[in-house]
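Please read the explanation below alongside the sequence and the structure.

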Amino acid sequence: MFAVDTLQEMMNLTFYPTYFLLVGIPGLEHEHIWISIPFCIIYIFALLGNIMVMVVIITSPRLHQPMFIFVSMLAFDDGLLCTSFAPKILSIFWFKNRAISFNGCLLQMFFIHSFTSIESGFLLSMAYDRYIAIYKPLQYSSIITRRLITRLAIVFVVRAVVLIGPFLVMIKRFPAFKTNVIAHSYCEHMAVVKLAAADIRVNSIYGLFVAFTVVGVDLLFIFFSYIMIFNTVFSLPSRDARLKAFNTCTPHMCVFLSFYSMALFSYLSHRYGEKIPPDVHIIFSDIYLLVPPMLNPLVYGIKTNQIREEIWKLIKKH
C-alpha cells in the first residue's frame, strides 16, 4: 500500500509539458534589461558583419577562391547560429516572453547544436585548406576544388543532422518531466534533459559521444594540420617567406582558438562545474554562441588584405 501511494504521489508531481519557460540568466532577472544592451549590440554586429563578409565575397570575382569560399560558408553558418537563439533571448530580456513551445524548444536545440557542429566542420576544412596551401602549394588548385568544397559542406551538414537528430527523439521519449522551467537562456540539450523524470544516463552518454565525435575529432585533425603547417613554415629558408606563410594562417588560428576555448569551457562547466555560479555559467554559454560570430568577420576583415580592400571598395561606392 505504501509503495502504491508513493508511486501515485510521484506521478502527481510530474507531467508532460506543452511548453517550457526559459529563465534567462538565473539570479540576474532584475538586471535583464541592462544585460540586453551588450547582447543586442553584439548580435547586431555579428549579423551585419557576417552579411557584409558574404556580400563582399559573393560580389567580388577576385575573392572567388577556395579560402574565401570557406570564409563565406563560415559567415553564413555564424549568421544562422546567432539568429537561432539571440532574438528569443532578447524577447526574454525585454518583454519577459519566457514561454517556448515544447516542439519549438526542440527545434531551437536542434539548430543551435547543428550550427555549432557545422561551424566546427568548417573550421576543420579551413585548417585543411591552409595545410594544402603551405604543404603542397603546387598541387593546391588541383586538390582544393569547388567540388571538394561542396562535398565537405554536405558531409558536415549531414553529420550534424545525423548526430543531433537523435537528441530530439530521445527527449520526446521521456514519459514525464519534473518541471517545465529551464534554468537557461536557450534550449540547451543537457539543460532540458535534466528536467526529465526518468533515467537520463543514455542521453548523457550519447551527449558525450557527440561532443567527442564533433569537437574531439575536429580538434585532433586541426592540431595535426597545424603541426604540419608549422613544421613546413619553419623549414622555409627566407624569413619573409616564413612570415608571409604564417600570416595567412593567423586569422584562422584566432577564429578556431576563440571558438573551441569557449566551447570547451561551456561544455565542461555544464557537466562538471557544480561550484561555478549558475549566472556565470549561463553568461559564458551565451557568450560562446554570440561572441565568435561577431569576432570572425572582424578577424577576417582586419587580417585578410583582400577582404579588407574589397570592403573599403564597397563602402566607398555607397
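The paragraphs that follow take these topics in turn.

Mean pLDDT for the protein is 87, with 93% of the residues reaching 70 or more. Confidence is highest in strand 2 (residues 99-101), at a mean of 97, and lowest in helix 1 (residues 2-12), at 45. Where pLDDT is low, the predicted coordinates should not be read in detail.

Next comes the covalent link. A disulfide is a covalent bond between the sulfur atoms of two cysteines. The count here is one disulfide. Cys-105 and Cys-187 form it, with 2.1 Å between their sulfur atoms. The link of Cys-105 and Cys-187 is left-handed, at -125° about the S-S bond. Cys-105 belongs to helix 5 (residues 102-135), while Cys-187 sits in the loop between strand 3 (181-182) and helix 8 (189-193), so the pair ties together parts 82 residues apart in sequence.

The remaining paragraphs concern helices. Two packed helices are described by the angle between their axes and the distance between the axes.

Helix 5 also takes part in a contact with helix 3 (residues 66-83): their axes come within 10 Å and cross at roughly 165°. Helix 3 and helix 5 are therefore roughly antiparallel to each other, and helix 3 passes helix 5 in a left-handed crossing. On the side of helix 3, the contact residues include Pro-66, Phe-70, Leu-74, Asp-77 and Leu-81, and on the side of helix 5 they include Ile-112, Phe-115, Glu-119, Phe-122 and Arg-130. By type, the residues of the contact of helix 3 with helix 5 divide into 14 nonpolar, two polar and five charged.

Helix 2 (residues 32-59) has a contact with helix 4 (residues 86-95), where the two axes come within 9 Å and cross at roughly 155°. Helix 2 and helix 4 are therefore roughly antiparallel, and helix 2 passes helix 4 in a left-handed crossing. Helix 2 contributes His-32, Ile-33, Ile-35, Ser-36, Phe-39, Cys-40 and Tyr-43, and helix 4 contributes Ala-86, Pro-87, Ile-89, Leu-90, Ile-92, Phe-93 and Trp-94. Twelve residues in this contact of helix 2 with helix 4 are nonpolar, two are polar and none is charged.

Helix 2 has a further contact, with helix 12 (residues 305-317). Their axes come within 10 Å and cross at roughly 95°, so helix 2 is roughly perpendicular to helix 12. Met-52, Val-55, Val-56 and Ile-57 of helix 2 make this contact with Ile-307, Glu-310, Ile-311 and Leu-314 of helix 12. The contact of helix 2 with helix 12 comprises seven nonpolar residues, no polar ones and one charged.

Terms used: Residues are numbered from 1 along each chain as its sequence is written. This is a predicted model: local features need pLDDT of at least 70, side-chain atom pairs count only at pLDDT 80 or more; totals for chains, interfaces and linings use all residues. Side-chain values use heavy atoms; hydrogens and water are left out. Axes are lines fitted to C-alpha atoms, for helices over the stretch in contact, and angles run from 0 to 180 degrees between N-to-C directions. Helices (H or I, at least four residues) and strands (E, at least two) are DSSP runs, numbered from the N terminus. Angles under 35 degrees count as roughly parallel, over 145 as roughly antiparallel, 65 to 115 as roughly perpendicular and the rest as oblique. A crossing is left-handed if the near helix is turned anticlockwise from the far one by less than a right angle, and right-handed if clockwise. Contact means heavy atoms within 4.5 Å. Ala, Val, Leu, Ile, Met, Phe, Trp, Tyr, Cys and Pro count as nonpolar, Asp, Glu, Lys and Arg as charged, and the others, Gly among them, as polar. pLDDT is the predictor's confidence in each residue, from 0 to 100. A disulfide is a pair of cysteine sulfur atoms within 2.5 Å.
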